[in-house]
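The tour goes from the overall fold to individual side chains.

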Amino acid sequence: MDPTTAFDGSTRLFFTIGHPVAQIRMPRIMPPVFAALGMNAVWLTLDVQPGDLRAALDGLRRVRNLGGLSVTIPHKPDALACADRITDRARAGGGANLLRVEADGALTADMVDGLGFVEGLRARGYDPAGRRVWLVGSGGAGAAIAAALCEAGVAALALTDLDRTRAGACLERLAALHPAVSLTLTGADQPPDGCDLAINASPCGLRDEDPLPFDPARLPSGALVADAIMKPPVTPLLRAAQSLGHPIQPGRAMLDHQIAPLLRFFGVEADPKRVLAAIPA
C-alpha cells in the first residue's frame with residue numbers, strides 16, 4: 001500500500017501503549033514496512049497512565065479492526081497480568097510487549113524484545129546455542145534477553161544486577177522453564193569462565209558520564225560484546241570493547257530484528273529480509 005493512500009474502513013489498526021509515548025519509534029518505522037508488504041494498516045500510540053492498562057485493554061479487545069498491540073514502559077509487567085494466555089517466553093521474561101486479541105476475545109501475551117536480540121545475533125552469523133553468556137541487567141530488556149537466550153539453547157547464563165532480588169527472581173523464572181541451562185548470579189567484576197558473549201542490558205551508557213557496566217578487558221579474547229542501548233549507536237562500552245579487538249553488536253539490531261516476529265505474532269507472514277530492507281535508518 002502506498003503510504004499516501006487514504007485509510008478507510010478496512011484499515012487494520014495497530015497501537016503501542018506506553019507512558020510517555022513521545023519517544024516511541026513504531027509509528028515512524030512501520031508505515032514503510034506496511035507499504036512494502038502491501039498492507040492497509042496504520043500504527044499509532046496510546047498514552048495510558050500507570051494503573052489504567054486493564055481498563056484500556058477491556059475497551060480495545062472489542063475493536064473489530066484491531067490488528068494488534070505492542071506494550072512498552074511502564075506497562076510490560078502489567079500486560080502479563082492482564083493476559084488470558086501467556087507464551088513461555090513472556091512468562092520467563094516476567095513481562096509482555098505484545099498482546100493479541102483472539103477470536104474468543106481472550107488476550108494472548110508474548111515478548112519479542114529478547115527474540116529480536118537473538119535474531120540480530122543470528123543475522124550476523126553468531127549462533128547463541130551452546131554459548132556461555134554474561135548478562136548485566138535484569139530489568140525489562142535484560143529479562144527478555146535472558147529468556148530468549150535460554151530458549152535459544154545457551155549452555156550457561158551468568159546474571160549481574162545491583163538489584164539482586166530482581167535478578168534472583170529472574171533466575172527462578174528461567175530455571176523453572178529452562179532446567180538444562182546453567183544459571184548463576186555474579187558480580188560486575190566477575191565474568192564467568194569461558195565467557196563467549198557479554199551483554200549490557202542495564203541503563204549504563206545512556207549518559208556520557210555513566211561508568212562502564214563492565215570492563216571488557218576482563219573478557220576472553222574474541223568474546224562478542226553487545227549493548228541493548230540504542231542511543232548512542234556505539235556506546236562507550238562498545239567503543240572500549242572494539243579498541244580491545246572484541247567484535248561488537250549495537251542495540252539497534254534488537255529492535256530491527258523483532259519486527260518480523262512481531263508481525264508473525266499478529267498473523268502477518270513476511271520475509272524478514274524484506275521487512276529489514278523497509279525499516280528506515
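Which share of the contacts in the protein chain with a separation of 6 or more comes from residues 24 or more positions apart? In this predicted model, such residues account for 70% of those contacts.

Begin with the protein chain as a cartoon, where eleven helices and twelve strands can be followed. Switching to the C-alpha trace and turning it along its principal axes, you will find that it spans about 60 × 35 × 35 Å. The radius of gyration of the protein chain is 19 Å, which agrees with the value near 19 Å that a compact globule of 281 residues would have.

Next, display the surface of the protein chain, whose accessible area comes to about 12500 Å², with 53% of it belonging to carbon and sulfur atoms.

Finally, turn to the cysteines, for which the count of disulfides comes to zero. Select Cys195, which is in no disulfide, and then Cys150, whose sulfur is the nearest cysteine sulfur to that of Cys195 at 14 Å; a disulfide would require the two sulfur atoms to be within 2.5 Å. Is Cys195 buried or exposed? Cys195 counts as buried because its relative accessibility is 2%, the cut-off being under 20%. Moving on to Cys82, you will find this residue buried as well, with a relative accessible area of 8%.

Technical notes
Residues are numbered from 1 along each chain as its sequence is written. This is a predicted model: local features need pLDDT of at least 70, side-chain atom pairs count only at pLDDT 80 or more; totals for chains, interfaces and linings use all residues. Side-chain values use heavy atoms; hydrogens and water are left out. Helices (H or I, at least four residues) and strands (E, at least two) are DSSP runs, numbered from the N terminus. The radius of gyration is taken over C-alpha atoms; the globule rule is 2.2 Å times the number of residues to the power 0.38. Contact means heavy atoms within 4.5 Å. Accessible areas come from the Shrake-Rupley method with a 1.4 Å probe; for residues, only the protein chains shown count as cover. Buried means under 20% relative accessible area, exposed over 50%, partly exposed in between (1.4 Å probe, protein chains only).
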